[in-house]
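Here is a model to talk through, one label at a time. Have a look at it before the questions start.

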Amino acid sequence: MQFPISELIRGVHPPPISEVRGWLAAADPELPLIDLCQAVPDYPPAPALVRHLAHLVEDPLTSRYTPDEGLVEVREAICAGYRLQYGAQLNPRQILLSVGASQAFWLAMVTLCRAGDEVIVQLPAYFDHPMALAMLGIRCVFAPFDESRRGLPDPDRIASLIGPRTRAILLVTPSNPTGAVLPPEMVERLYDLAARHGIALILDETYHSFLTGGVRPHALFEKPRWMDHFVQITSFGKTFALTGYRAGMLVASEEFIGHALKAQDTMAVCQPRLTQHAVRFGMENLGDWVAGNRVTMERRHEVFVAECSRPGNPFTLVASGPFFGWVRHPFTGESGRAVARRLAQEYAMLLLPGEVFGPGLEPYLRLAFGNITEAGIPEAVERFRSVPVP
């Protein structure tokens, strides 16, 4: 290649999951693989949804573009679902359907920020967020991870990081990678903080359908003027087991969505029509199915916590929740990458090293529960127990 590459993208690490999967080439072939790496449901979409989509594929209109923001009937179905889940005062003009939550994040950032602006990002951070911000020339101001808070942010520490170039506070709840869930009162406090400083609170709520007990995530959408300082990024991919359909969404004020549509038109034009039909069917018909899967994931989490807590496990479960566990490994001075590679190659266990989630997180590893059955969890934890520690 005889031409330069952007220095911004040169400084970004490669996709972590691709890197970790590459370690399997040297893995012990005698051991069955335990995949705790990627946060995808191991169950298929609901059969009724599959049948519904199979019929739609025969419709020539399914192959056409939709409006950039998505079909109005799909957005109306989402508004109705959000009234039940959030008590939301939401209208279709405040919704933009995107190609996964990752694209929704890009849309939010290019609408909100320009190069040189700052976004406060809580550590550990979902790795795609700092990667995208670095490519855009937006500076991450990291709120440090405090192990004693079990994955929850410190609002006072976040307040101390706000400066003249701050445009947003970015948080993920339930957290990827720790599983920690922001209590509604903390969400309210952070919204008030954003409002006092004239900035945005951005919540990535990709896993909002997996809150233990099916509780309401927060009360922000009940505010008559929630859109003044709140932007939501989310996905239906985990909710309806449609990760390959790339079913994301951006929720914000009508004005914000209007500007974001300029970027949408140049990036993707629209979310695929078939994906939109899947989202509508799910919102209107799959409430009980989603609740059943939530209970399945709750049970996996409970079993994992119980197994990790038994004596003799050198790996410490620091934080956990829907879909994720955040573990401190016992090898002082070793990076998470070195430990994760050894676990992949010698113990056939795939998980992610802590440092891909932000600076200073080398002592940690992320585990995802989506790919492992409840029956397989004791074997996974037993492999942790079998790792010799000097």
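What follows is a short exchange about the terms used for this model and how they apply.

Reader: What should I know about the model and its numbering first?

Author: It's a predicted model, where local features need pLDDT of at least 70, side-chain atom pairs count only at pLDDT 80 or more, and totals for chains, interfaces and linings use all residues. Residues are numbered from 1 along each chain as its sequence is written, and side-chain values use heavy atoms, leaving out hydrogens and water.

Reader: What makes the largest nonpolar core a core, and which residues have the most contacts inside it?

Author: The term means buried Ala, Val, Leu, Ile, Met, Phe, Trp, Tyr and Cys residues joined through side-chain atoms within 4.5 Å, with buried being under 20% relative accessible area (1.4 Å probe, protein chains only). Here that set has 82 residues, and Val 119, Leu 250, Phe 315 and Leu 343 have the most contacts inside it.

Reader: How do you know where it lies relative to the domains?

Author: Domain 1 (7-44 + 289-386) and domain 2 (47-286) both give residues to this core, so it lies between them; the bounds come from an automatic or database domain assignment.

Reader: Why are S2 and S4 called edge strands?

Author: Pairing takes at least two DSSP bridges between two strands, and strands are DSSP E runs of at least two residues, numbered from the N terminus. The open sheet runs S2-S8-S7-S6-S5-S3-S4. S2 (95-99) and S4 (139-143) each have a single partner strand, so one side of each is left without a neighbour in the sheet.

Reader: What makes S3 and S4 a pair?

Author: They're joined by 5 bridges and run parallel, against the at least two required, so they count as paired. One of the bridges links Val 119 with Cys 140 in S4.

Notes: Buried means under 20% relative accessible area, exposed over 50%, partly exposed in between (1.4 Å probe, protein chains only). Helices (H or I, at least four residues) and strands (E, at least two) are DSSP runs, numbered from the N terminus.
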